[in-house]
Amino acid sequence: MNGALKSLLAINPTKSFKSYVETSIFLLKDFSKQGSITRGSVLHGHLIKTGISSERYVTIKLLIMYLNHRRTSEADQILKDFNGFDMVVHNCLISANVDWGNLDEARKLFDEMPERNDVSWTALISGFLKCGRVEESMWYFERNPFQNVVSWTAAISGFAKHGLIGKALKLFLEMLQSGVRPNDVTFSSVVQAAAGLGDFTLGMSILGLIIKVGFDDNVSISNSLITFSLRLGKLDLARKIFHRMEKKDVVSWTAILDMYVEMGDLREARRIFDEMPERNEVSWSAMIARYSQSGCPEDAVKLFSQMIRSGFSPNISCFASITSALANLEALQAGMNVHALVVKSGIEKDVFIGSSLIDLYCSCGNSKDGRLVFDLIQEKNVVCWNSMITGYSFNGQLEDAKELFDQIPKKNIVSWNSMVSGYLENEQYDKVLEVFNEMLLLGGKPDKSTFSSVLCACAGIASLEKGKNLHAKIVKLGFQNDIFMGTALVDMYSKSGNIESSKQVFNRMPYKNDVSWTAMIQGLSESGFAEESLILFEEMERTSSCAPNELIFLAVLFACSHCGLVDKGLKYFNSMEKVYGIKPNERHYTCVVDMLSRSGRLSEAEKFIASMPCQPEVNAWAALLSGCKTYRDERIAERAAKKIWELAEKKSGGYVLLSNIYASAGRWVDVLNTRKLMKEKGLKKSGGCSWVEVRNKVHYFYSQDGTHSQFPEIYGILELLNSEMLII
């Protein structure tokens with residue numbers, strides 16, 4: 001643009017007047033389009049100096065530039081230079097007031113005009129349609145003496161954009177009957193209306209008319225047809241239209257890119273993206289968003305960096321996608337760099353961007369900066385509040401989360417679920433139930449996600465009565481056939497010790513997925529029904545399309561261990577990778593060690609540990625040591641104890657396990673030495689916790705804790721029982 005200014009200054013207006021005026025008009029149009037009002041004002045000053053500003057065409061372009069930027073004082077100054085009525089100037093003023101939403105002022109200007117042309121009528125008609133004042137627009141349309149293709153198209157397009165599809169199509173038929181030939185904009189609007197109606201037959205009829213009129217090679221119409229085909233799910237038709245286009249613009253390429261993006265075909269979408277001769281912000285954003293949503297955050301970040309280097313400015317949607325990708329990567333520094341770009345773009349207070357930035361900071365463990373972003377958002381919506389509450393919960397700051405939760409002006413179901421899941425993830429099951437009860441008291445309606453979380457809490461504290469009450473509510477709301485509800489109920493009943501109810505729920509489920517099978521097999525295995533667990537696993541292999549997963553194999557190996565079915569267990573273990581492509585993890589190896597140790601195959605268990613491709617868990621050595629105690633193999637026991645001691649040096653939990661093993665063996669001196677070492681290292685064992693449910697209320701008791709409201713009475717009874725036991 002600096003080159004264009006230089007070329008203007010190089011022209012002598014007295015010798016090349018026409019060229020000077022044309023260049024001036026071009027620059028003014030370009031400044032107005034780009035929003036460069038400062039440059040436009042500088043050029044205006046230069047034109048005044050040269051005397052060119054009084055030329056009518058130049059003056060009108062100056063007026064349009066100032067009106068586009070709402071610089072009314074400058075526009076009023078220019079209007080003084082016009083003597084009497086000027087139709088072009090009046091049309092400019094009508095269009096400006098329409099853009100500003102001042103329709104009454106636009107109508108006043110229109111009514112004052114001693115004469116009008118088609119531009120005057122079309123500007124007012126389209127203005128009323130744009131603001132949804134349909135009846136007024138049609139009143140002027142019916143009285144318009146210049147019913148040409150432009151005015152017809154303006155009315156049809158206005159109806160289509162406001163979802164008045166029937167009226168748009170009716171007006172199109174009237175246009176054809178009146179003998180007015182449609183143009184490319186008309187056809188694009190009508191195709192858009194057909195897409196909104198979802199009428200494929202109508203769309204094909206319009207396509208036939210387009211071909212008959214000779215617009216089938218028009219880029220704009222072809223783009224509309226591609227969009228129409230995609231909306232109706234006719235992907236093959238969209239591809240055919242795209243591939244037969246001789247000329248394609250960035251809209252064509254972006255439309256077909258969107259198709260592959262929505263299909264989830266990232267490889268083909270990327271191929272189209274790389275082939276695009278020209279890209280815009282929409283095409284970049286679509287590709288980045290899909291990478292972020294498809295679990296490819298690294299690719300999203302790489303593409304975003306490429307976008308910035310290519311000189312494109314990300315839009316709000318693109319910023320939201322990249323912050324989500326960085327949150328998944330927990331890339332705090334890169335996230336802060338993106339935040340700086342957001343601030344530079346002036347959109348940091350946008351509620352959509354703000355929520356994304358809160359998620360980013362909290363995902364990286366920096367809830368303090370997340371709260372700063374939250375506080376900067378002036379017009380907070382419920383999404384912002386929920387993001388901040390989820391962020392606090394994610395970082396274990398549950399008191400801050402609850403304090404903020406209580407301040408939400410209007411809670412929705414996501415707000416309640418955020419608080420419930422926060423307590424659940426931090427294993428504060430009593431708080432889960434408290435929030436759920438509060439929700440019901442305030443008239444909140446739980447959804448499937450709420451019930452799933454609360455059922456997990458009931459399973460966590462084995463609260464069978466509360467679980468049954470929830471089951472009744474689920475049936476009342478008609479959620480009982482939902483696969484996720486059924487799975488949660490199976491898990492709750494099995495963990496609460498009611499395996500029969502768990503089996504009943506499982507058998508009544510109309511559909512089962514791998515999680516459902518896992519819950520039932522695991523429930524049976526851990527509840528002591530090992531043989532039944534293995535029978536169900538074999539039934540799943542025969543009758544279900546679901547493939548076994550890591551957790552199912554863990555339950556199966558656990559069952560084999562407790563049934564003494566060592567060879568069968570080894571067969572299942574060996575099939576994991578060979579048959580199902582599942583690589584065993586440390587817990588699977590520990591189950592095999594436990595299985596071999598329980599059956600007395602101690603040497604084999606020790607060799608198995610030595611051959612493990614991963615670092616053995618301390619529990620693997622503990623299982624071996626337990627087997628040595630049962631079968632009195634002191635030689636292997638000493639080696640196992642030594643390994644546990646070595647692992648305890650790296651992981652503090654090992655000391656606790658070692659202490660328990662020594663206690664079970666009656667080696668109290670070693671117990672005292674282990675606990676002494678723990679004390680010297682500043683390590684503490686987590687306090688034990690037990691609970692009991694009385695009259696629908698769960699009471700918690702912690703080791704060396706006297707906070708319970710009935711503490712004196714409870715311990716008084718305990719002392720009484722203790723003294724009676726001593727007498728006996």
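## Lining of the largest pocket

In this predicted model, helices α28, α30 and α32 (514-526) each contribute at least two residues to the lining of the largest pocket, helices being DSSP runs of H or I with at least four residues, numbered from the N terminus. A pocket here is an open set of points on a 1 Å grid over the protein atoms alone, where a 1.4 Å probe fits, with protein on both sides within 12 Å along at least five of seven lines, and lining residues have an atom within 4 Å of a point.

The largest pocket holds about 440 Å³ of space, a volume being the space filled by probe spheres set on the points. Among its 17 lining residues, Asp-491, Lys-495, Val-515, Ala-519 and Gln-522 are the closest to its centre.

## An aromatic pair involving α28

Phe-451 and Phe-479 form an edge-to-face pair, with 6.1 Å between centres and 70° between planes; rings of Phe, Tyr and Trp (its six-membered ring) pair if their centres lie within 6.5 Å, and planes over 60 degrees apart count as edge-to-face. This pair joins distant parts of the chain, since Phe-451 belongs to α28 (residues 448-460) and Phe-479 to the loop between α29 (464-476) and α30 (483-495), 28 residues apart.

Phe-451 is buried at 0% relative accessible area, and Phe-479 is buried at 18%, where buried means under 20% (1.4 Å probe, protein chains only).

## Basis of the values

Residues are numbered from 1 along each chain as its sequence is written, and side-chain values use heavy atoms, leaving out hydrogens and water. Local features need pLDDT of at least 70 and side-chain atom pairs count only at pLDDT 80 or more, whereas totals for chains, interfaces and linings use all residues.

How values were computed:
Phe/Tyr/Trp six-rings, centres within 6.5 Å; stacked < 30°, edge-to-face > 60°. Buried < 20%, exposed > 50% of the residue type's maximum accessible area, 1.4 Å probe, protein only.
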